[in-house]
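This report walks through one structure, from local backbone features to pockets and cavities. Please keep the sequence and the 3D view open while reading.

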Amino acid sequence: MCGIIGYTGNNEAAERIIYGLKKLEYRGYDSAGIAVADSGKIKRVRSAGKLENLVKKLKGGSIPGTTGIGHTRWATHGKPSDENAHPHTDCTGMITLIHNGIIENYYEIREELKKKGHKFSSETDTEVFAHLIEEKISMGIEKAVADALKRIRGMYAMVILYSKEPGKIIAARQGSPLVLGIGKGENYIASDVPSFLKFTDKALFLEDGDVAVVTKEKVSVTNGGKNVQRAVRDIKWTAKQAEKAGYPHFMLKEINEEPQSFEDTILGRFDELKGRIEFESVDDKKLAKIERIKIVACGTSYHAAYAAKYLVEKYSGVSVEVEVASEIRYANPVVDKKTLLVAVSQSGETIDTIEAFKNLKTKAGYSLAIVNVVGSTLSRMLDGVIYTHAGPEIGVAATKTFISQLAVLYLFALHMGKIKGVLKAKDVRRGIRNLRKVPGLIRLILKDREKIAKIAGKYKKNRDFLYYGRNINYPMALEGALKLKEISYIHAEGYAAGEMKHGPIALVDDKVPNVFIAPQGKVYEKLISNIQEIKARSGTIIAVTNKSNKEMKKFAEDVIYIPDIDEDYYPLLAAIPMQLLAYYIGVKKGIDVDKPRNLAKSVTVE
Ligand code: AGP
């Protein structure tokens, strides 16, 4: 949460920073601010609300200088206001900094500093850090920062300017992401790569405990006071991929990229003739010894993991538990050397998932991360990593990365099935054939998206929705409901349809649409019974079913058709109308679907 960008070089820092903040706005958009060092002074401009407010404030007034820092905020301590917007300063205005994370002991430090005469001008936890540095500034800025870091508990990504050393940015990381962009005669420090990708594709990811000193010519990193070398990686994403390309929203662009993301994720990972799956950095010998799997994730990634449970158990006979990361972190899960732990995360920076793995990793026989962002914390933390190759996802709602996670998890289920001797080469071949069909079939659904837009128009005023699915389509019901909540602010719940009579049927009336994911297959008749039970009580049905199902229109007010495929593969298609329905309802309600209120793309505070 929160986007940080720092720049030092020969260009106007403000320009580069505003450009970077535009790319980072998906991380938080409660307020924004910028500070630039020039001629021994630091000029700071801040504004509540979205970045455009800051840009308006800057118009006309120049903010010269070639070293600076900027921030787009997702509020933790203190409401979104000009005063609480970052950057924050000490009493003298010479130390100016930005922080992403939470300083847990800020209150006690603040009270202590107040007694020493420090004056605070915001409600944030961040401001204490500037004052802590001020206390020890006579030691020099670097030593003062090191000293202040010893006083705080919690999580941070920090960037600091000091007016007496105007060409320098000091950065520190503990728990929240920070990546350096290494340019020619200029360097960047940011929360995420797209903020500087137009200018350099060389990235250096900081580790927890790292402190970096960044000037235009040089970057040095220490950890625990000792110099450390961190690898500089080439980023394969292009800056163009992170643009809207003519679409009204990133979300729609990203949904339309799903066929490509899916293809990019599966290609090169199978040998169809031999019926074999191959993952680049996975140790198959370790997988062969596994008797249990625990998959840990949050939000949409959790729903992808939940779908995988059905498949992996069916294809390999290995028992799979799926856990919400924030819950398992404080529970006492049974993990042993026969257990494979899998993290699923788009960003690779979700704090709940990272923290859960810190405790569990060493207990497990083997651990894998399924991650989209190359070089992210989770991708470096576990024994193996499988990248989802979806490209950058800017819309706050996960769409194409969900489809790519499913792609990896389907491949993984087939692979596990083969390793465990449950699936034969011919079974895997059939699975691969199905997966290869998926991008083309998603394209067909996308072609017909206007029909979904029309249905969205009909239901945009409803205040509650229920989503139902059974078996492997149940997680798609959960995901459909989550997407609708996030993007349209409509209350929605996802249920296993078999649970309907255990409670939610009490909600049936003419005001709550019931979305059924009901392609034909082994549980289809059960779903039809559920639909009939709702109809008998005058409820409204929106059904997602397969194209060759001719009877559904008898039962449902609205039917969304997806192409026919082997039944295990329907989630890969059913997910698309779920996303489109939420998207169009959100847009028709006038919501900024790329930046829905209160959300941030990656949740880096607990
Ligand atoms: C998805 O639309 C959400 N914004 C959210 O639930 C997200 O999936 C969750 O925070 C997990 O993020 P991650 O995949 O980056 O770990």
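## Backbone features

S39 sits in the loop that joins β2 (31-38) to β3 (41-48). This is a predicted model. S39 is not a glycine, yet its phi is positive, at about 45 degrees.

P87 belongs to the loop between β4 (67-73) and β5 (88-89). The peptide bond that leads from H86 into P87 is cis, and its omega is near 0 degrees. As background, most residues other than glycine have a negative phi, and most peptide bonds are trans.

## Domains

How is the protein chain divided? Domain 1 covers 3-243, domain 2 covers 265-445, and domain 3 covers 455-588. Between the C-alpha centres of domain 1 and domain 3 the distance is 45 Å.

## Ligand site

Which residues are closest to the ligand? They are S301, S345, Q346, S347 and T350, out of 14 residues that surround the ligand.

In S301, a polar side-chain atom lies 2.5 Å from an oxygen atom of the ligand. In S345, a side-chain N or O atom is 2.6 Å from a ligand oxygen atom. On its own, the ligand has 410 Å² of accessible area, and the protein covers 92% of that.

## Largest pocket

The largest pocket holds about 580 Å³ of space. Its lining counts 27 residues. C298, G299, T300, K601 and V603 lie nearest the pocket centre.

Which elements give two or more residues to this lining? They are α9 (299-316), β20 (339-345), α11 (351-360) and α16 (474-488). The most comes from α9, with five residues. By class, the lining of the largest pocket is made up of twelve nonpolar, twelve polar and three charged residues.

## Cavities

Rolling a probe the size of a water molecule over the atoms shows where empty space is left. Across the whole structure, the search finds four cavities of 30 Å³ or more.

The largest cavity has a volume of about 190 Å³. It is lined by 21 residues. Y26, R27, D192, S347 and V373 are the ones nearest its centre. S347 is also among the residues closest to the ligand. The lining of the largest cavity divides into eleven nonpolar, five polar and five charged residues. Why does the largest cavity lie between domain 1 and domain 2? Because domain 1 (3-243) and domain 2 (265-445) both give residues to its lining.

The second largest cavity has a volume of about 130 Å³. Its lining consists of 14 residues, and R470, I472, N473, V523 and E567 lie nearest the centre. Six residues of this lining are nonpolar, four are polar and four are charged.

## Places to look

At the largest cavity, look between domain 1 and domain 2.

How values were computed: Residues numbered from 1 in each chain as written. Predicted model: local features only at pLDDT ≥ 70, side-chain atom pairs only at ≥ 80, totals over all residues. Heavy atoms only, no water. Domains from an automatic or database assignment. 1 Å grid on protein atoms, 1.4 Å probe; cavity = no way out; pocket = protein on both sides within 12 Å on 5 of 7 lines; lining within 4 Å. Points joined across faces, edges and corners; volume = space filled by probe spheres on them. Helix = DSSP H or I, 4+ residues; strand = E, 2+ residues; numbered from the N terminus. Nonpolar A, V, L, I, M, F, W, Y, C, P; charged D, E, K, R; others polar. Near = heavy atom within 4 Å. Polar contact = N/O pair within 3.5 Å; in protein donor to acceptor, adjacent residues only side chain to side chain. Areas by Shrake-Rupley, 256 points an atom, 1.4 Å probe, with all protein chains shown as cover.
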